Number of protein chains: 2
Amino acid sequence: MLTIRPFVESDWNAVWQIVEPVFRAADTYPYPPTITEDEAFDVWITAPKMTFVAEDGGNAAILGTYYIKPNQVSQGSHVCNCGYIVADAARGRGVASQMCEHSQQEAVRQGFRAMQYNLVVATNKGAVRLWQKMGFQIAGTLAGAFKHPALGYVDAHVMYKTLET
Amino acid sequence: MLTIRPFVESDWNAVWQIVEPVFRAADTYPYPPTITEDEAFDVWITAPKMTFVAEDGGNAAILGTYYIKPNQVSQGSHVCNCGYIVADAARGRGVASQMCEHSQQEAVRQGFRAMQYNLVVATNKGAVRLWQKMGFQIAGTLAGAFKHPALGYVDAHVMYKTLET
């Protein structure tokens, strides 16, 4: 069982352990692989409207985290953007799909009408498949829009879902 | 004849005259119609990597302005984003297309490999047509992603062009 709840400051060490290797790999998120812990805090905690953690219902270990924020200002602020990261050791347990489901409910609760992922790296096929399973469509594909550290310039998708409000 | 050159501080009054009515209308850019002059300066001048003005070759009147900036950080920073605004009195004189052409050359000069417009309001048909004429494709359409002050939620396009480098 997974408990998904708002991030509190004392979660940061656990969250940083989860997001650091993903940011360092720089093959799914656009942040620089040299990002500092302070910069990561700004990106994942300060800039978003809210951040959540997914906690193991048994031992309270943090297994994943996501943020939610408006994707644009004012006239575009009814569309939200989210980012999700699952602890490497917790992969394959449905944490990402449960966080995605939670984020959609949270988005509706906050008054958002749609959710947009701006840069889903096409080589990250597991993510693309999962978001499609969660009801997102590939709105469009941006040729060579992501610089993959091993593969060079690869395509990225804009994925979008209108929420049931 | 049009001269397109980098913005200097003394251009701001003229640039503000041009961008204010467009921001106030809030039917093409997502900024709040209540945006202040200081906020507009931040958005149009401070946040972008560079801002340009298009000047009438005869009387040096400023007829338009555009900005250029990376659309994403680090692994997505080789794709730029631009925004263009033409003075109401100068419409129909090719100012937007000349600024778009200039911005593509400037983008290549700065090392960008592609240009992306994130939120081209579908009801702004003149702009959609112009960007298509300038070689941009509609990468995807975001259902109801823009709140038009008169028409309500309308679609917006992500438009994209790979630059010849």
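Visitor: How many residues of chain A and chain B make up the contact?
Guide: In this predicted model, chain A gives 27 residues and chain B gives 27 residues. Residues count as in contact if their C-beta atoms lie within 7 Å.

Visitor: Which elements of chain A give two or more residues to the side that touches chain B?
Guide: They are β5 (114-121), β6 (137-148) and β7 (152-162) of chain A. β6(A) gives the most, with 9 residues.

Visitor: What makes up that side of chain A by class?
Guide: It has 15 nonpolar, 10 polar and 2 charged residues. Gly is counted with the polar class.

Visitor: What helices and strands does chain A have, and in what pattern?
Guide: Chain A has 4 helices and 7 strands. Along the sequence they run β-α-α-β-β-β-α-β-α-β-β.

Visitor: Why does the radius of gyration of chain A agree with a compact globule?
Guide: Set the value against the rule, 2.2 Å times the number of residues to the power 0.38. For 165 residues, that puts a compact globule near 15 Å. Chain A has 15 Å, so the two agree. Its C-alpha atoms fill a box of roughly 45 × 40 × 30 Å along the principal axes.

Visitor: What share of chain A counts as buried, and what makes a residue buried?
Guide: The cut-off is 20 or more other C-beta atoms within 10 Å of the residue's own. Of the 165 residues of chain A, 42% count as buried.

Visitor: What share of the contacts in chain A with a separation of 6 or more comes from residues 24 or more positions apart?
Guide: Such pairs account for 56% of those contacts.

Note on methods
Residues numbered from 1 in each chain as written. Chains lettered and ligands numbered in written order. Predicted model: local features only at pLDDT ≥ 70, side-chain atom pairs only at ≥ 80, totals over all residues. Contact = placed C-beta atoms within 7 Å. Buried ≥ 20, exposed ≤ 12 C-beta atoms within 10 Å, placed from the backbone.
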